[in-house]
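Visitor: I'd like to know what the labels in this model rest on. Can we go through them one at a time?

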Amino acid sequence: MYLMICCDPAPSLQLVRNSKGNATIVINKNRPQEVAQAAEELQHYIEKISGAKLPIVNDLKLARGMNILIGNNESLNVDIKTENNDGFIIKTSKNTLFLCGKSEIGTLYAVYTFLEKYLGIRWFWPGELGEIVPKQSSIFVDDIDFIEEPDFKWRNRGPGGALWGAISGPTEMHARARLLGITAQHQDEVRRWEQRNKWGGMKIYGGHAMGEIYPPEKYAKTHPEFYALVDGKRAVPGPDYDYKHEGQICTTDPEVIKTAVDWAVEFFNQHPDYDGIHMTLNDGRGFCECDQCQKLDTGDFVTRPGIDLEEMKSKPVKYTVITDRVFTFMNNICEEIQKTHPGKYIVSMAYSRYIDPPKQIKIHPYVIPQYCLWSAYKHANTELKQKHEKIAAGWSEVSKATAIYEYYINGSWPGMHRLVVPNITESIKYLAGKGIRLYQMQSGDEFAINGINYYVAGKLLWDVSLNQEEILNEFYHMAFNTSGDIIKNYHHRLQEAWANATKYGQDVSCSLLSNTRLMELFTPDLLSACKEDLKRAKIETNDTAIKKRIEFYEKGLKFTDLTVTAVEKTRELETNGINIFPFDTAVKDIQNKEKDKVIKMIEKVLAAWEERDNYVENLKNDYVLAYFWIKYNDEHRSFNPTVNLKKLLKLLEYEI
Ligand SMILES: [Zn+2]
């Protein structure tokens, strides 16, 4: 199993010789889209490597020279014995190279693996700059007989649940990102990068589902008893309902269960390609207090599932655990679904008051509890890490198919540097050890900033036995060559800073400007050392592509730098007694102050934020930063004061 670069006396397959094609790519006539893509990608990269463009044909009789057969067809008389549909074989036989998956997507993975493993290509981040294509004029392949399948059955980077408040318009993240000006081309390139690194696996729809299953416009009048009984009244959703928050239901009502079953049956009829569907209760509170529902509870309490260790300790809030009733509901739905759609999964998040595993019931083998708040980015703190591990292990004991929902980014973190590669590695290996093989993350496109987190995770989700240091060393060497050690050190510096800032369980977030922890993390010393690293890395190389890759990282660092500078300036305003959030407070704070002075101060702060915001706007389609999450944070957290500052200025000018 190895690639021959040059003159072997008798290599089995000579695909390209001295930049001249010596092979034909053969695909079935009625091939699905993934197989066509596989053929085109192979053709594209072989040409990029060698200059030779191999023809693609639909009929083996038209093939000249060596054959590259893509996709499972009658010429390949082999049963691909992988358990997983994403599995594939790469095999040579006489004058033929077979690249065949158990499914169409498996075929695509076969091609990408061939390009990566045998021809040395890497896709470190989306776009051409993140791509490594070693040039060679001849491509000879020796005997290969290789079969592979992923360790994790679900390796998903999206979609993100940050759509609270999306009362109108699309509720899917990618559709919403396009409304913000993210281009379809940008999204295609990211999707392509994911496929090239073999992200994917199971197809599961949705998240908080109550708004979709029980829309008030359909059931509020006719079936108020569907909704949760709270303080003796049915909590029918009102006009402010955003379909994801509140609007809970009575999960023991037989008609409520039947409605969920009908809805899921209809979904699977319409979407036979999906493996599972989320039936998760809505976010927020307001769970049913009827006797039937409460009867299923264990009587245990959960304290607020910990975002911040300090906060948890100082203000513990107790809630009744409702895991058993929630998963009784899921089991009931799932049992019915198996009758019409055997093998399809019903998914529910395990978080909030149902974050701990059930005590009185068994989980149906086709119910997936998806444990949220695993949060490896907090695992520098041993106490939080052990707490998370205990919950995950508990779920893995009661369920055959536990999934994880992980936060590589979240609403309180607009994608500044948060490098946690060792935490990610350790956590993925821990989960695999517990038999957990379903993993979904909340992700962004901040590849110039936290891209290494995503890259390493992708590799490990496919093959959990890989060694982290080997993945990293290859990354730094291939992407940065002589500057690789400096870049490694740059990442290490940021990683250490994050670990130090969170080791006592602190929440470093961008939720409130008064949160000084952000300034404690990104100190002037850290930022200037980081700038210095990248400057030195650029001096260390003469390679134009590598220089550009370092400049890509510089763009990422500048985003963090501009944000921290703007926060610092805002804090100067606060030390002068003007708090920007909430707006009413700001209006009070500017009273009885010298207007000219206040205007000048506000203008200075506003200029810093506008510089940062313009910078973000210009880079939204460049894979540098997490544009969607920046905008989300701007709108839904008390962090970016631009709107309030402008309103204050208007008010001041009007009064003058
Ligand atoms: Zn009830």
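Visitor: Where does S352 lie?

Guide: S352 sits in the loop between strand 21 (345–350) and strand 22 (367–371). Strands here are DSSP runs of E with at least two residues, helices are runs of H or I with at least four, and both are numbered from the N terminus. Before we go on: this is a predicted model, where local features need pLDDT of at least 70, side-chain atom pairs count only at pLDDT 80 or more, and totals for chains, interfaces and linings use all residues. Residues are numbered from 1 along each chain as its sequence is written.

Visitor: What makes S352 count as buried?

Guide: A residue is buried if 20 or more other C-beta atoms lie within 10 Å of its own, exposed if 12 or fewer, and partly exposed in between, with C-beta atoms placed from the backbone. S352 has 22 such neighbours inside 10 Å, so S352 counts as buried. Its phi is near 55°, a positive value in a residue other than glycine.

Visitor: Why is K94 called exposed?

Guide: K94 has 8 other C-beta atoms within 10 Å, so the label is exposed. K94 is in the loop between strand 7 (88–93) and strand 8 (96–101), and its phi is near 50°, again a positive value in a residue other than glycine.

Visitor: Why point out such values?

Guide: Most residues other than glycine have a negative phi, and most peptide bonds are trans. P582 is found in the loop between helix 18 and helix 19 (583–589).

Visitor: And what makes Q294 partly exposed?

Guide: Q294, in helix 8 (residues 291–295), has 16 C-beta neighbours inside 10 Å, so it counts as partly exposed.

Visitor: How do you know that the span of helix 17 agrees with its length?

Guide: The expected span is 1.5 Å times one less than the number of residues. For the 16 residues of helix 17 (residues 524–539) that should give 22 Å, and the end C-alpha atoms are 23 Å apart, which agrees.

Visitor: Which residues of helix 17 are buried, and how do you know that they line one face?

Guide: They are C530, D533 and A537. Seen down the axis of helix 17, they fall within an arc of 55° (taken from the directions from the helix axis to the C-beta atoms), so they line one face of the helix. The face turned away from that side carries exposed residues, including P524, D525 and E532. The buried residues pack against helix 14 (468–480), helix 15 (484–502) and helix 18 (544–575).

Visitor: Why are helix 17 and helix 18 called roughly antiparallel?

Guide: Their axes come within 10 Å and cross at roughly 165°. Angles under 35 degrees count as roughly parallel, over 145 as roughly antiparallel, 65 to 115 as roughly perpendicular and the rest as oblique. Helix 17 and helix 18 are therefore roughly antiparallel to each other.

Visitor: What makes helix 14 and helix 15 oblique?

Guide: Their axes come within 8 Å and cross at roughly 125°, and helix 14 and helix 15 are therefore oblique to each other. L472, Y476, H477 and F480 in helix 14 meet G484, I487 and K488 in helix 15.

Notes. Contact = placed C-beta atoms within 7 Å. Axes fitted to C-alpha atoms, helices over the stretch in contact; angles between N-to-C directions.
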